[in-house]
Amino acid sequence: MDVIRVLLAILLPPVGVFLQVGLGLQFWINILLTLLGYIPGIVHAVWIIARR
């Protein structure tokens, strides 16, 4: 399941974070980072998935 989350985190970072933590603070932070720049959103999403 983590492989699918990492792939989703690369393609659509907020979806990967949503599958990991739901609609929490980390999800909204990831949406903001993705809007500010796609790469920071990916890095944050992979970090959230790998951390848990």
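In the predicted model, the side chain of glutamine 20 forms a polar contact with the side chain of arginine 5 at 3.1 Å (a pair of N or O atoms within 3.5 Å; within protein, one able to donate a hydrogen and the other to accept it, with residues adjacent in sequence counted only if both atoms are side-chain atoms). Local features require pLDDT of at least 70 and side-chain atom pairs pLDDT 80 or more, whereas totals for chains, interfaces and linings use all residues. Residues are numbered from 1 along each chain as its sequence is written, and side-chain values use heavy atoms, without hydrogens and water. Apart from residues up to four places away in sequence, glutamine 20 touches Asp2, Arg5, Ile48, Ile49 and Arg52 (contact: heavy atoms within 4.5 Å).

Glutamine 20 is found in helix H2 (helices are DSSP runs of H or I, at least four residues, numbered from the N terminus). In H2, residues 13-21, the buried residues are Pro13, Pro14, Gly16, Val17 and Gln20 (buried: under 20% relative accessible area, 1.4 Å probe, protein chains only). Viewed down the H2 axis, these residues fall within an arc of 160° and therefore line one face of the helix (arc: directions from the helix axis to the C-beta atoms). They pack against H1 (2-11), H3 (25-36) and H4 (38-51). Just after H2, glycine 22 adopts a positive phi of about 85°.

Valine 17 contacts Gly22, Gln26, Phe27, Asn30, Ala45 and Ile48, leaving aside neighbours within four places in sequence. The largest nonpolar core comprises six residues, Ala9, Val17, Phe27, Ala45, Ile48 and Ile49 (a set of buried Ala, Val, Leu, Ile, Met, Phe, Trp, Tyr and Cys residues joined through side-chain atoms within 4.5 Å). H4 contributes the most to this core, with three residues.

How values were computed. Buried means under 20% relative accessible area, exposed over 50%, partly exposed in between (1.4 Å probe, protein chains only). Helices (H or I, at least four residues) and strands (E, at least two) are DSSP runs, numbered from the N terminus.
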